[in-house]
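These are my notebook entries on a two-chain model, taken down as I looked up each point. I begin with the backbone and then turn to the contact between the chains.

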Amino acid sequence: MAEPKTSAQPQIPAYASRIIRPYAAWLERRPEGHVLDVGPVCSDTINFVIHRVRRVSVCDLFRRLKRAIDQAAFVSSLGDALDYPAGSFDSIHLWDLVDRLEDEPAAHTVQRLRRLLKPGGTVLLIAGGERSDGAVYAFAVRENLEIAPRPQPHLLLPYHHRCNRDIMKLLEPLAPAESFVYRSGMRELRFR
Amino acid sequence: MMLRSNKTEHPAVEETLAPQPPMREPAASPVDTAHKEQTVIGEQIAVEGTIRAREDLEIQGTMKGSIEMQQNKLTVGPRGTVEADVNAQDVTVSGSMTGNIECSGRAEITGEANFTGQIKAKRVCIEDGAFVKATIEMLRDGETKKPPMPSKPAEKPNQQQSPRDSKRENQTPAGQTNAAK
C-alpha cells in the first residue's frame with residue numbers, strides 16, 4: 001500500500017461511465033428501493049437516485065472522517081454513525097471511502113456496511129487509479145448519466161491506494177458483478 | 001431588535017421617462033403590490049413549543065418543538081439551532097437542525113449546514129460541504145399532505161427566553177407567529 005498523501009485542487013474531466021447506465025436500470029426495477037450514500041454529499045447524485053427509488057439515505061462518512069482526524073479521535077469508530085437496522089438498503093454507494101482508511105478501520109467500516117445491505121443488494125465503488133492525486137471528489141452523476149468528478153477542497157484526507165484485488169478481498173463475501181478501468185485511471189466496480 | 005416583522009415592498013414598475021405620443025394607450029399602472037412578510041427569531045431567543053405561521057420565518061436563535069407553515073418558507077440561519085419537525089412550503093437550512101422536514105416545494109441544505117433527520121420534499125438541493133445525515137424521500141404529485149392549518153392558532157406554546165430579550169419582544173408585533181406572544 002502506498003504512503004498516504006494529500007492534494008488540493010486537481011481536475012478530472014467528466015466521462016461517460018459504463019457502470020452507471022446498467023446501475024440506473026437496476027435501480028429503476030426497484031421503485032420502492034432504499035439507497036445509502038456515504039458521501040461526500042452530492043446533490044446531483046441524490047437526484048439521480050431519488051428519481052428512481054423511493055428513498056435515499058445520506059451519511060457523510062468523509063466529513064466524519066475529516067472531523068475525526070482533525071480532533072485526533074479514533075477513526076475506527078467511523079462506522080458507529082451507520083446505526084441503521086441490518087438489511088436496510090438495496091444499494092450502498094461506497095465511492096472511494098476505502099482508499100481513505102487504513103486497513104483496520106476500512107475492514108470495520110466495510111463489515112458494518114455489508115450488514116446493512118439487503119440480500120441481493122449491490123455496492124457501488126468508484127475510485128481513482130494508482131496515479132491518483134489523492135484529492136477527494138464527489139462523483140456527481142449527471143442527468144445524461146455521465147460522471148463528473150467534483151473536487152472537495154474542504155476534505156483533505158489521507159489516501160491509501162488499494163488495488164482491485166485488495167478491494168475485492170475487503171468486500172468479501174460480496175463478489176464483483178461489473179468492473180471497468182479507464183485510461184484516466186478511474187475504476188468502477190459494482191459488487192453483489 | 002431580536003424578533004421583528006419585516007414588510008418588504010417590491011419596487012414599483014419603473015415608469016418610462018421617454019415622451020409618449022398623445023393618442024397612445026396609457027401604460028399599465030404599476031400595481032405590483034406584492035408584500036413579503038417575514039418574522040425573525042433572533043440569536044438571543046430560545047423558543048420551545050409549536051409555531052404555526054402564515055408568513056415566512058427565519059430562525060437565527062434556538063427552537064425546539066414543531067413548526068407548521070404549509071404555505072410559507074422557513075429559513076434556519078447560519079447561527080440558528082433547530083430541533084423540530086417542520087411542515088412548510090420551502091425550507092432552507094444553513095445552521096444546525098435535527099428533525100424531520102416535510103415541504104410541498106423545495107428543501108435546501110446549504111454547504112454550511114449541519115442537518116440530521118428526514119426530508120420529504122418535491123425538490124431537494126444539498127450543497128457540497130453540508131454535514132448531513134438524512135433520509136430523503138421525494139413527494140410525488142398527488143401524495144397526501146397534512147390538512148391546512150386552522151385560521152387561528154389553537155394553543156400557545158411554552159416559551160423560554162433570555163430576560164434581556166423579554167421586554168423588547170413583548171413590544172414587538174409578530175404576525176401570525178405564536179412565538180411572539
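This is a predicted model: local features need pLDDT of at least 70, side-chain atom pairs count only at pLDDT 80 or more; totals for chains, interfaces and linings use all residues.

**Entry 1. Conventions and cis peptide bonds**

In which loop of chain A does A:Pro40 lie? I found A:Pro40 in the loop between strand 2 (34-37) and helix 2 of chain A.

Residues are numbered from 1 along each chain as its sequence is written, chains are lettered from A and ligands numbered from 1 in the order in which they are written, and side-chain values use heavy atoms, with hydrogens and water left out.

I then looked up the peptide bonds. A:Gly39 and A:Pro40 are joined by a cis peptide bond, with omega about 0°. A further cis peptide bond, with omega about 10°, joins A:Glu172 and A:Pro173. I located A:Pro173 in the loop between helix 5 (164-171) and strand 8 (176-181) of chain A.

**Entry 2. Positive phi angles**

As background, most residues other than glycine have a negative phi, and most peptide bonds are trans. I recorded A:Ala72, which is not a glycine, with a positive phi of about 55°. A:Ala72 lies in the loop between helix 3 and strand 4 (89-93) of chain A. I read A:Ala72 as exposed, with a relative accessible area of 71%; here exposed is over 50% relative accessible area, buried is under 20%, and partly exposed is in between (1.4 Å probe, protein chains only).

A:Trp95 is not a glycine either, and I recorded a positive phi of about 50° for it. A:Trp95 is in the loop between strand 4 and helix 4 (103-116) of chain A. Is A:Trp95 buried or exposed? A:Trp95 is buried, with a relative accessible area of 2%.

**Entry 3. Helix 3 of chain A**

I listed the buried residues of helix 3 of chain A: A:Leu61, A:Phe62, A:Arg64, A:Leu65, A:Lys66 and A:Ala68. Their cover includes strand 3 and helix 4 of chain A, together with strand 9 of chain B. At the start of this helix, a side-chain oxygen of A:Asp60 comes to within 3.1 Å of the backbone nitrogen of A:Phe62.

**Entry 4. Contact between chains A and B**

How many residues does each chain bring to the contact? I noted 25 residues from chain A and 17 residues from chain B, contact meaning heavy atoms within 4.5 Å. The two chains bury about 1,900 Å² between them, 46% of it on carbon and sulfur atoms. Buried area is the accessible area (1.4 Å probe) that two parts lose on being put together, summed over both. In chain A, the residues that lose the most area to chain B are A:Val41, A:Arg54 and A:Arg63, together 29% of what that side buries.

I counted three salt bridges between chain A and chain B, each a side-chain nitrogen of Lys or Arg within 4 Å of a carboxyl oxygen of Asp or Glu. One of them links A:Arg150 with B:Asp128, the closest N and O atoms being 2.9 Å apart. Across the interface there are also eleven residue pairs in polar contact, both residues at pLDDT 80 or more. A polar contact is a pair of N or O atoms within 3.5 Å; within protein, one must be able to donate a hydrogen and the other to accept it, and residues adjacent in sequence count only if both atoms are side-chain atoms.

Helix 2 (43-50), strand 3 (55-59) and helix 3 (61-70) of chain A each supply at least two residues of the side that touches chain B. Strand 3 gives the largest share, five residues.

A:Cys59 stands opposite B:Lys133 in strand 9 of chain B.

Methods:
Helices (H or I, at least four residues) and strands (E, at least two) are DSSP runs, numbered from the N terminus. Two strands pair if DSSP finds at least two bridges between them.
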